[in-house]
Amino acid sequence: MLKRVVVTGASSGIGAATVRRFAELGWQTVAVARREDRLRALAAETGAHAIVCDVTDEGQVAAMAREVADTGGATGLVNNAGGALGTESVEASSNDDWRRMFEVNVIGLRTVTAAMLPVLRDAAHGFSAGETASILNLTSTAGHDAYPGGGGYNAAKFAAHAVTSVLRLELAGEPIRVMELAPGLVHTEEFTLNRLRGDAAGAQKPYENVTPLTADDVARVLVGAFEQPPHVNQDLIVLRPVAQSSVFHTHRGPLEAKA
Ligand SMILES: NC(=O)c1ccc[n+]([C@@H]2O[C@H](COP(=O)([O-])OP(=O)(O)OC[C@H]3O[C@@H](n4cnc5c(N)ncnc54)[C@H](OP(=O)(O)O)[C@@H]3O)[C@@H](O)[C@H]2O)c1
């Protein structure tokens, strides 16, 4: 079976690590994001096919899917592009931030999925019995547990979780598995910095005195879901650092066995 996967949000963090991990395991990769210089560097390093595309722009997404089809097709899609803006309360937050979070985390995910489904089905028409295409959506534990200040990000990731469940029901009977990976605390370079609008000192705080997940940790588990036997669908994978037992409980300091 063709092993070619499209990863959105591939210019940094979890997306870039995911492209690297897929490439290590022999997959062909298509790296999608807005920042061309970063995509080019990743392509030079991994052999990825780079496509510059804003997932919130329907025309660009349609062109991206055409280019994927014209350059060999795909059997996998990782909807990873996303992020958070702000930590204000529901009362104090701005509708513009909420719209931007919905645009990328929910509507962008839907747009890319709708554009890529015909490409995945084209590949599936050539499958031998038992082979399966794969879609995996990166949500978050913020898509399962609300927290104060979560506001628009909680709402968007809860919605992305719902869309994933709906899609799995709608694709029942087709050889396309639909998976969700919901990480907790992951230390990536840009996620919290963007959320806090460039406050570098504030962006370090969530990661102080704790061993968070790395982008590589998430990528290993994510790619592992694609590498499962084709009849296995990991509907929902929740992944947290050991020190984080819930969205409200992060142990700071060394982990020690009780006496
Ligand atoms: N870090 C965490 O703690 C954490 C935890 C749980 C879930 N997540 C989720 O995991 C995913 C990746 O997070 P990360 O930590 O790796 O964040 P990140 O480093 O900020 O990466 C986000 C990626 O999305 C891309 N992107 C953003 N808007 C886009 C758009 N409109 N069109 C195309 N690409 C776009 C960015 O690239 P460009 O700017 O170049 O377009 C970037 O490559 C996100 O969905 C995030 O919500 C993160």
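Let's start with strand β6, residues 176–183: eight of its eight residues are buried, so the strand is largely enclosed by the rest of the structure. Keep in mind that this is a predicted model. Which residues point which way? Ile 176, Val 178, Glu 180 and Ala 182 point one way from β6, while Arg 177, Met 179, Leu 181 and Pro 183 point the other way. Whichever way they point, all of them are buried.

**The neighbours of β6**

Strand β5, residues 133–138, pairs with β6 in the parallel sense, and six bridges link the two. If you want a spot to look at, find Ala 133, which stands opposite Ile 176 in β6. To get from β5 to β6, the chain crosses through helix α5 (residues 151–170), and this β-α-β crossover is right-handed.

Strand β9 (residues 236–239) also runs parallel to β6, joined by four bridges. Here Ala 182 stands opposite Val 238 in β9.

**Zooming out to the sheet**

How many strands does the open sheet have, and in what order? There are seven, in the order β3-β2-β1-β4-β5-β6-β9, with parallel pairing. Strands β3 (49–52) and β9 sit at the edges, each pairing on one side only. On average, neighbouring strands of this sheet are turned by 15° against each other, ignoring direction.

Over at β4 (residues 76–79), four bridges pair the strand with β5 in the parallel sense. Leu 77 stands opposite Ile 135 in β5.

Helix α1, residues 13–24, touches β1 (4–8), β2 (28–33), β4 and β5, and its direction makes about 170° with that of β1. Helix α3, residues 58–70, touches β1, β2 and β3; the direction of α3 makes about 160° with that of β3.

**Two residues with positive phi**

Now for a bit of backbone. Most residues other than glycine have a negative phi. Arg 197 has a positive value, and Asn 209 has one too, although it is not a glycine. Here they are side by side:

| Residue | Phi | Loop | Relative accessibility |
|---|---|---|---|
| Asn 209 | about 60° | between α7 and β8 (213–214) | 59% |

Note on methods:
Residues are numbered from 1 along each chain as its sequence is written. This is a predicted model: local features need pLDDT of at least 70, side-chain atom pairs count only at pLDDT 80 or more; totals for chains, interfaces and linings use all residues. Side-chain values use heavy atoms; hydrogens and water are left out. Buried means under 20% relative accessible area, exposed over 50%, partly exposed in between (1.4 Å probe, protein chains only). Two strands pair if DSSP finds at least two bridges between them. A crossover is right-handed if, with the strands pointing away from the viewer, the path from the first strand over the helix to the second runs clockwise. Axes are lines fitted to C-alpha atoms, for helices over the stretch in contact, and angles run from 0 to 180 degrees between N-to-C directions. Contact means heavy atoms within 4.5 Å.
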